[in-house]
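Have the structure open and follow along.

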Amino acid sequence: MFTICRNVFLRGRERRQRHDEIVTETVGQDGPGPNPVNPVWVSVLGVDPEGDFFESIVDEHIMQAIDDLPEEYRMAVVLSDLEGLPYADIAELMEVPVGTVKSRLFWGRMQLQNVLYDYAVEMGYIAARTETDE
Amino acid sequence: MSFLDKLKFLFTGAAHDVGASPSAMIPCEEALSVVDDFLEGELPGVSHEQVKAHFDACQRCYPHLHLEEAFRDAIRRAGTGQRAPVGLKLKLMELLAEADA
C-alpha cells in the first residue's frame with residue numbers, strides 16, 4: 001500500500017512539474033510550437049483567475065486594440081472572433097492555407113491579450129503580478 | 001469514486017483520470033495545445049469529448065480554458081453592434097468581389 005501511495009504521489013508531482021513546464025516555456029517565433037499558452041495568462045491566473053478584468057475594459061478600447069493589430073492578424077481575428085467564420089472560409093478569403101490562418105489567429109490573439117492585459121494593469125483593473133507573488 | 005481514485009485525488013491534488021477512462025484521458029500538453037481548436041469546434045485528430053473530459057477533470061488546465069473563453073466573450077461583446085473597422089471592411093469587400101469574379 002505504501003508503494004502504491006508513493007508511486008501515485010510521485011506520478012502526480014511529475015505531472016504537476018510537466019504542466020508548469022508547458023505553461024512557462026518560451027513561445028517560439030515560428031508559430032505556436034510546443035507551448036500553446038500565452039505566458040501572460042500565467043500572470044493573470046495569479047491575480048484574476050476568473051478573467052473578470054475583461055468585464056472592466058470598455059468595448060471601444062478592445063475594438064481599438066483589434067484595429068491596431070497588423071493587418072494579416074487583424075483580418076484573421078475579425079473574421080474568426082467577430083464574424084464567426086470557420087478556418088476553411090477564412091483560409092479561402094485570405095488565400096492562405098488553414099495552418100497559416102491558425103498561426104495568424106494565435107499570434108493576433110496573443111498580441112491582443114497582451115495589450116488588453118497591459119491596459120487593465122495600467123487602469124488598475126487588475127493587479128500586476130510581482131516576483132514576490134511567485 | 002474508487003478507493004484508488006480517492007488516493008490519486010488525495011496525493012495529486014487534482015482529479016486527473018477521475019470520471020474518464022485512462023485510455024480516453026489526454027495529457028495536459030495535448031489539451032492545452034488544442035484550446036483554440038476546441039473553442040472553435042474544429043479539433044484535429046482528437047475528439048471533443050476527450051478534450052472536454054480533460055478540462056472537466058484537470059484543475060490546472062481548466063483555468064486556461066476559462067480565461068480563453070472570457071477573452072473571446074469580451075471580443076464578441078465589444079463587436080456587438082459595432083462592425084469591422086472601415087479600412088478592414090473595404091479590404092474584405094475587395095476580397096469578396098475578387099472571389100465572386
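Predicted model: local features only at pLDDT ≥ 70, side-chain atom pairs only at ≥ 80, totals over all residues.

## Before we start

## Helix α4 of chain A and what covers it

Start with helix α4 of chain A, residues 59–67, where A:Ile62, A:Ala65 and A:Ile66 are buried. Looking down the axis of α4(A), you'll find the buried residues inside an arc of 100 degrees, so they line one face of the helix. In general, an α-helix has 3.6 residues a turn, so residues three or four places apart point the same way.

What sits over those buried residues? The cover includes α5 and α7 (98–123) of chain A, along with α5 (62–79) of chain B. Zoom in on A:Ile62: setting aside residues up to four places away in sequence, A:Ile62 touches A:Ile57 and A:Leu116, plus B:Ala74, B:Ile75 and B:Ala78.

## The nonpolar core

A:Ile62 turns up again in the largest nonpolar core, which has 40 residues; A:Ile62, A:Ala76 and A:Val77 have the most contacts inside it. From chain A, α2 (39–47), α3 (53–56), α4, α5, α6 (87–94) and α7 each supply at least two residues of this core, and so do α2 (28–33) and α5 of chain B. Which helix gives the most? That's α7(A), with seven residues.

## Where α5 meets α7 in chain A

Now for a helix pair. The axes of α5(A) and α7(A) come within 8 Å and cross at roughly 95 degrees. Angles of 65 to 115 degrees count as roughly perpendicular, so that is how α5(A) sits relative to α7(A). On the α5(A) side, the contact residues include A:Tyr73, A:Ala76 and A:Val77, while those of α7(A) include A:Arg104, A:Trp107 and A:Gly108. By type, the residues of this contact split into seven nonpolar, three polar and four charged.

A:Tyr73 is worth a click. This residue lies in α5 (residues 71–82) of chain A and is buried, because 20 other C-beta atoms lie within 10 Å. Beyond its neighbours within four places in sequence, A:Tyr73 is in contact with A:Arg104, A:Trp107, A:Gly108 and A:Gln111. The C-alpha atoms of A:Tyr73 and A:Phe106 are 8.6 Å apart, although 33 residues separate the two along the chain.

## Chain B at a glance

Chain B has six helices and zero strands. Of its 101 residues, 24% count as buried. Take the contacts in chain B between residues at least 6 apart in sequence: 59% join residues at least 24 apart.

Conventions
Residues numbered from 1 in each chain as written. Chains lettered and ligands numbered in written order. Helix = DSSP H or I, 4+ residues; strand = E, 2+ residues; numbered from the N terminus. Buried ≥ 20, exposed ≤ 12 C-beta atoms within 10 Å, placed from the backbone. Contact = placed C-beta atoms within 7 Å. Arc of directions from axis to C-beta. Core = buried A, V, L, I, M, F, W, Y, C linked by C-beta atoms within 7 Å. Axes fitted to C-alpha atoms, helices over the stretch in contact; angles between N-to-C directions. Parallel < 35°, antiparallel > 145°, perpendicular 65-115°, else oblique. Nonpolar A, V, L, I, M, F, W, Y, C, P; charged D, E, K, R; others polar.
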